[in-house]
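Have the sequence and the 3D view ready as you read.

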Amino acid sequence: MTSNEFVEAIAIDGPAASGKTTVGQMLADRLGYLLLDTGSMYRAVTWAVLRGGVSPADERAVTELAKTIQLDIEPPGNVGDGRLYTVLVDGHDVTWQIRSSEVDVNVSQVSAFKGVRHELVKRQRAIADRGSVVVVGRDIGTVVLPDAPLKLYIVASPEERARRRWAETMDRTGDASYDRILDDMIRRDQYDGHREHSPMRPADDSIIIDTTDRQPESVVSSILALDYFKKREAPGQ
Ligand code: CDP
């Protein structure tokens with residue numbers, strides 16, 4: 001990866017429901033970039049594991065599945081149900097299935113396997129190498145794209161994050177439990193932050209942004225006001 005503006009990738013990491021995908025999509029729209037939400041890839045593998053009746057604890061079988069499934073992330077087209085992208089597993093549209101509470105409960109365990117990460121990181125880098133992409137996840141600034149010229153780490157209080165995920169889920173399905181969402185988020189953050197391989201953490205050169213009590217538009221404006229973008233607009237200054 002170079003810092004050439006035509007082949008660059010922006011890395012965004014942070015805990016569950018911190019607003020990183022919303023902000024990442026808005027930033028991508030403003031810059032004319034693609035959004036790559038790597039969480040959707042780990043979720044898709046988890047969905048395939050559960051669908052196939054594989055135990056999420058069976059490292060060998062889960063890793064084998066991660067290597068063999070056909071995983072595609074496509075623009076949403078004119079589906080119009082609020083999706084930011086369409087996720088296909090072996091040709092099936094699983095965009096909303098990967099957001100189920102069953103996937104929430106199992107995704108961290110599946111994501112902790114070294115072989116699963118190896119496989120998905122390979123696919124993520126292949127997409128990011130094409131450039132002009134905002135890549136969102138947990139280990140983008142530390143492992144997937146350590147040379148990314150801009151790294152953001154987006155956080156918010158657990159209660160605010162649970163409230164956002166609750167509102168989102170209610171909107172979409174009409175059924176959600178705040179307490180269950182909060183518990184799941186805290187458990188996942190704990191697991192993701194303490195796993196052996198690629199634990200969630202800010203890279204040393206990340207800019208940390210707290211989105212508690214802030215609207216996404218205001219967060220995006222402050223990102224676009226960073227020195228990094230000023231330098232890009234005025235090369236040589
Ligand atoms: O949307 P939310 O923040 O709830 O989660 P997500 O970004 O869809 O990620 C779901 C899970 O995938 C996380 O809890 C991690 O276990 C895993 N993940 C990961 O390990 N590495 C990434 N780069 C992205 C997600």
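## The second largest pocket

At least two lining residues come from each of β2 (34-37), β3 (71-74) and α5 (114-128), with β3 giving the most, four residues. Helices here are DSSP runs (H or I, at least four residues), as are strands (E, at least two), numbered from the N terminus. By class, the lining has 12 nonpolar, one polar and four charged residues; Ala, Val, Leu, Ile, Met, Phe, Trp, Tyr, Cys and Pro count as nonpolar, Asp, Glu, Lys and Arg as charged, and the others, Gly among them, as polar.

## About the model

This is a predicted model, where local features need pLDDT of at least 70, side-chain atom pairs count only at pLDDT 80 or more, and totals for chains, interfaces and linings use all residues. Residues are numbered from 1 along each chain as its sequence is written, and side-chain values use heavy atoms, with hydrogens and water left out.

## α2 against α4

Helix α2 (residues 38-51) packs on helix α4 (residues 101-111) at about 105 degrees, the axes being 9 Å apart. Axes are lines fitted to C-alpha atoms, for helices over the stretch in contact, and angles run from 0 to 180 degrees between N-to-C directions. That makes α2 roughly perpendicular to α4 (under 35 degrees counts as roughly parallel, over 145 as roughly antiparallel, 65 to 115 as roughly perpendicular and the rest as oblique).

Contact means heavy atoms within 4.5 Å. On the α2 side are Tyr42, Arg43, Val45, Thr46, Trp47 and Leu50, which meet Glu102, Val103, Asp104, Asn106, Val107, Val110 and Ser111 in α4. This contact of α2 with α4 has seven nonpolar, three polar and three charged residues.

## α4 against α8

α4 and helix α8 (residues 178-194) pack at about 15 degrees, with axes 9 Å apart, so α4 is roughly parallel to α8. Ser101, Asp104, Val105, Val107, Ser108 and Gln109 of α4 touch Arg180, Asp184, Arg187, Arg188, Tyr191 and Asp192 of α8. By class, this contact of α4 with α8 has three nonpolar, three polar and six charged residues.
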